[in-house]
Amino acid sequence: RRAALPDPPAPTEETWARPVRPDPTDPARAVETAGDAGEIMLYYQPQIAIATGEVVGVEALLRWRHPTRGMVDPEELIRVAEQSAVMRLLTRRVVDDVVEQLAKWTAAGLDLRAAVNVSVRDLHTGEIAEQIADRLPRYGVAPQRLQLEITEGALMADPRRVLTTITRLHGVGVGIALDDFGTGYSSLQHLRRLPLSEVKVDRSFVLGMAEDTDDAAIVRSTIELGKALGLRVVAEGVEDERTWRMLHAAGCDVAQGWFYARPMPAEELVAWLARYRPLRPLGGPDEAH
Ligand code: C2E
Ligand code: MG
Ligand code: MG
Ligand code: MG
């Protein structure tokens, strides 16, 4: 147990800089300004071990609470940020926040892993690996507690440089997940070549699996493939009990979705965890939620 957290790392040139020329018509500038204004924050969505009902981790997801537009679609936020250098700034902040959050959770006795999504640009240089290798020991966080989720699209942009960064991160001991599996390109190549610890079945297949036999077949085959390769398999987009039961029957390790919980701010997560009671996988009518 840690009594106090260490001082945050000294600011570098990479921390939020004030926009030089604020331009309201430039979406990337708007994102940068929103970051300065504290409108961009992280939500966390629980990930549950299907067999035991235990909460094993969380995925950190960016949210932009716009003063007039309300909650901005995260995909839009990421798309805009990725078109400029702002994504790098966002990712640096996300990594810092999540590592700090992990230190707090661990100090509070919560045994959680946290996953961070990374973009194409983040993997083109070794910067993110340097940052993580620096922050983890600084905050006393075990590397196994951190996981990076990469998408197949991100891998396609510059496979060689991306592979170098991923290999470095793997060397640090950070887990690597292949996100949105089945929606990108050369998936099987990536499964074979990358030092992965996890594969995430894309929600587009999971959402429909209770009704659509093709979706169900794709999910089951992906689970089988992932298991055969020694990977942890996570299903995202689990919205109902039927899907959860099917995933359990198919041997999926971890589930994430609205059936359990929506993404929420860190303060809410602590309260949610305190209330949470595992569903027994093969429970009868007395099954508690
Ligand atoms: P993702 O990494 O595949 O994240 C899972 C998405 O599924 C999240 O969408 C989550 O809110 C949503 N989801 C979870 N459970 C359910 C469910 O039961 N039903 C449905 N319909 N959806 C569910 P979200 O939060 O809108 O994020 C969208 C995408 O934006 C993420 O997809 C990720 O690719 C990207 N993203 C979010 N935060 C970051 C970030 O910090 N960095 C980067 N590079 N990308 C991020
Ligand atoms: Mg993800
Ligand atoms: Mg995904
Ligand atoms: Mg996605």
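Figure 1. Not counting residues up to four places away in sequence, proline 74 touches Leu62 and Arg63, where contact means heavy atoms within 4.5 Å. Proline 74 has its place in helix H2; helices (H or I, at least four residues) and strands (E, at least two) are DSSP runs numbered from the N terminus. With 28% relative accessibility, proline 74 counts as partly exposed; buried means under 20% relative accessible area, exposed over 50%, and partly exposed in between (1.4 Å probe, protein chains only). Tryptophan 64 is 10 residues from proline 74 along the chain, and their C-alpha atoms are separated by 7.2 Å.

The structure is a predicted model, in which local features need pLDDT of at least 70 and side-chain atom pairs count only at pLDDT 80 or more, while totals for chains, interfaces and linings use all residues. Residues are numbered from 1 along each chain as its sequence is written, chains are lettered from A and ligands numbered from 1 in the order in which they are written, and side-chain values use heavy atoms, with hydrogens and water left out.

**Figure 2. The chain as a whole.** The chain has 11 helices and 9 strands. Of its 289 residues, 51% count as buried. Among contacts in the chain with a separation of 6 or more, 66% come from residues 24 or more positions apart.

**Figure 3. Helix H1 and the elements around it.** Helix H1 (residues 27-36) is largely enclosed by the rest of the structure, because 7 of its 10 residues are buried. These buried residues are Ala28, Arg29, Val31, Glu32, Ala34, Gly35 and Asp36. They pack against strand E1 (40-49), strand E2 (55-66), helix H2 (74-82) and H3.

**Figure 4. The contact of H2 with H3.** The axes of H2 and H3 come within 6 Å and cross at roughly 120 degrees; axes are lines fitted to C-alpha atoms, for helices over the stretch in contact, and angles run from 0 to 180 degrees between N-to-C directions. H2 and H3 are therefore oblique to each other; angles under 35 degrees count as roughly parallel, over 145 as roughly antiparallel, 65 to 115 as roughly perpendicular and the rest as oblique. On the H2 side, Leu77, Ile78, Ala81 and Glu82 meet Val86, Met87 and Leu90 of H3. By class, this contact has 6 nonpolar, no polar and 1 charged residues; Ala, Val, Leu, Ile, Met, Phe, Trp, Tyr, Cys and Pro count as nonpolar, Asp, Glu, Lys and Arg as charged, and the others, Gly among them, as polar.

**Figure 5. The contact of H3 with H4.** H3 and helix H4 (residues 127-139) pack at an angle of about 20 degrees, and their axes are 10 Å apart. The two helices are therefore roughly parallel to each other. From H3, Arg88, Thr91, Arg92, Val95, Asp96, Val99, Glu100 and Ala103 meet Glu127, Ile128, Gln131, Ile132, Arg135, Leu136 and Tyr139 of H4. The classes in this contact are 7 nonpolar, 2 polar and 6 charged residues. Arginine 93 is also found in helix H3 and, at 34% relative accessibility, counts as partly exposed. The C-alpha atoms of arginine 93 and methionine 41 are 9.7 Å apart in space, although the two are 52 residues apart in sequence.

**Figure 6. The contact of H4 with H6.** The axes of H4 and helix H6 (residues 159-172) cross at roughly 10 degrees and come within 9 Å. H4 is thus roughly parallel to H6. Ile128, Ala129, Glu130, Ile132, Ala133 and Leu136 of H4 make the contact with Thr165, Arg168, Leu169 and Val172 of H6. By class, it has 7 nonpolar, 1 polar and 2 charged residues.

**Figure 7. The largest nonpolar core and leucine 247.** The core has 81 residues, of which Val98, Ile132 and Leu247 touch the most other members; a nonpolar core is a set of buried Ala, Val, Leu, Ile, Met, Phe, Trp, Tyr and Cys residues joined through side-chain atoms within 4.5 Å. Helix H3 (residues 86-107) supplies the largest share of this core, 10 residues. Leaving aside neighbours within four places in sequence, leucine 247 is in contact with Ile50, Val206, Met209, Val219, Ile223, Ala235, Val238 and Cys252.

**Figure 8. Threonine 243 in helix H10.** Threonine 243 lies in helix H10 (residues 241-249) and counts as buried at 2% relative accessibility. Not counting residues up to four places away in sequence, threonine 243 touches Val206, Met209, Ala210 and Val238.
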